[in-house]
Amino acid sequence: MNTAYKFLKKKGAETMDENIPKYLLIVNWVKEQLEKNNLKPGDKLNSENELSSMFGVSRQTVRHAVSMLEQEKILDRRRGSGTYICEPEVRKKSKTMNVAVVTTYIDDYIFPTIIKEIERAMSKAGYTVQIAFTHNHIERESAVLQNILDRDMVDGIIIEPTKSGIPKPNLELYEEIRRRHLPAIFINSYYPKIRIPHVSLDDQAAGYEAARYLLEAGHEKIAGIFKSDDIQGHLRYSGYTKGLLEAGLKIHDENVLWIDTEDIRNMEADRNRILRRLEGCTACLCYNDEVAFEVVKICQKEGIRVPEDMSVIGIDNSDLATHCEVPLTSIELPAQDLGRLAAENLIKLMEDSSFDAGFEFVPKIVERNSVKKV
């Protein structure tokens, strides 16, 4: 007697009757697994062959059981993919014509442009935008998301993740967003373990293209400064290392510096550690323009000429790139397009929950004066 059948015989009179239709063994087993939380919404069910072997029945019997569970809206058979546990049906509520936008910051760097484009696209579609910001603090993100869920007055939400590069204390709030089927899109970044689409730059490709640009300019000893608490930093570092390794160069850990959100605000105070990482290098690949801007200032105060002694490249192509004393060569993050597309995709997602709302922009180099050809 197979394991699954012996398991069912222990469950009570109904399953102990070996004369019940064999397909009901599978039906009852699936329901039992759901009750015990061994199977959850979104989980993939065993294949027909596996179920056939587990219960000692034909594949036709398995198909009949699956069909019965489909009719009860417990299973969802997807052609070419498999059979999945259905998400629970959610009560349809009236549209509020409100959307929430949650970003780390609101009035500096690239954020005003992104928010302005989101507001423009949403207003055009008849939506009112409610804006909140987290200052990239986990506790503040928790309070903002909890407030949105408690009030239950928005049709969708656009979120810039807070500290996406570290373990996520607010995971339960994001899972609640998914359980409620509240349409949501991440912008700029995303949490890898949370199944919410994102609209962002292809950050690994951005790091790779920046490294290649420096390599093609003749640089071989290239320092890197990356952000540790955001996933963009990890991905941009991955692109940086890929570029160097493809060129046959070694990764020198002593020339890589990891910083966090608070460090970026106080780079001048950390100048000695930064200068140690730049020592012996002819170029530096920076996490973003904000970091590159500070690196240029530090170099100039130390008498290190940019780009004659040290080439510097940023990412984002922000206003800081043009306002820097040495205008920065930078990888473009199209802030206007990102804001507009995030809004348009959320609108489509609110209308059709199956819409694929994710998108990553292909990085492009914007050349200025901060990189010297060796």
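Which residues does Pro197 touch, not counting residues up to four places away in sequence? In this predicted model, Pro197 is in contact with Ala184, Ile185, Phe186, Leu349, Ala357 and Gly358, when residues up to four places away in sequence are not counted. Pro197 is located in the loop that runs between β6 (184-187) and β7 (198-201). The relative accessible area of Pro197 is 24%, so this residue is classed as partly exposed. Between the C-alpha atoms of Pro197 and Ser53 there is a separation of 37 Å, the two residues being 144 residues apart along the chain.

Leu245 and Phe111 are 134 residues apart along the chain, and their C-alpha atoms are separated by 34 Å.

The strands were examined next. Six strands form an open sheet with mixed pairing, in the order β9-β8-β10-β11-β12-β14. Strands β11 and β12 run parallel and are joined by four bridges. Within this pairing, Ile313 has Thr329 of β12 as its bridge partner. Strand β12 (residues 329-332) is also joined to β14, by two bridges, and these two strands run antiparallel. Here Ser330 is bridged to Val366 in β14, and Ile331 stands opposite Ile365 of β14.

Helix α9 (residues 203-216) lies across β8 (222-227), β10 (283-286), β11 (311-316), β12 and β14, and runs at about 165 degrees to β10. Helix α12 (residues 271-278) also packs on the sheet, where β8, β9 and β10 are touched by this helix. The direction of α12 makes about 150 degrees with that of β9.

Packing between helices was described by the angle between the axes and the distance between the axes. For helix α3 (residues 22-35) and helix α4 (residues 48-55), the angle is about 105 degrees and the axes are 11 Å apart. Because angles of 65 to 115 degrees count as roughly perpendicular, α3 is roughly perpendicular to α4. The contact brings Leu25, Ile26 and Trp29 of α3 against Leu51, Met54 and Phe55 of α4. By class, the contact of α3 with α4 consists of six nonpolar residues, with no polar and no charged ones.

Helix α7 (residues 138-151) and helix α8 (residues 171-179) also pack together, at an angle of about 25 degrees and with their axes 10 Å apart. Since angles under 35 degrees count as roughly parallel, α7 is roughly parallel to α8. The crossing of these two helices, α7 and α8, is left-handed. On the α7 side the contact is made by Glu141, Ser142, Leu145, Gln146 and Leu149, and on the α8 side by Leu173, Tyr174, Glu176 and Ile177. The residues in the contact of α7 with α8 comprise five nonpolar, two polar and two charged.

Note on methods: Residues are numbered from 1 along each chain as its sequence is written. This is a predicted model: local features need pLDDT of at least 70, side-chain atom pairs count only at pLDDT 80 or more; totals for chains, interfaces and linings use all residues. Side-chain values use heavy atoms; hydrogens and water are left out. Axes are lines fitted to C-alpha atoms, for helices over the stretch in contact, and angles run from 0 to 180 degrees between N-to-C directions. Angles under 35 degrees count as roughly parallel, over 145 as roughly antiparallel, 65 to 115 as roughly perpendicular and the rest as oblique. A crossing is left-handed if the near helix is turned anticlockwise from the far one by less than a right angle, and right-handed if clockwise. Contact means heavy atoms within 4.5 Å. Ala, Val, Leu, Ile, Met, Phe, Trp, Tyr, Cys and Pro count as nonpolar, Asp, Glu, Lys and Arg as charged, and the others, Gly among them, as polar. Two strands pair if DSSP finds at least two bridges between them. Buried means under 20% relative accessible area, exposed over 50%, partly exposed in between (1.4 Å probe, protein chains only).
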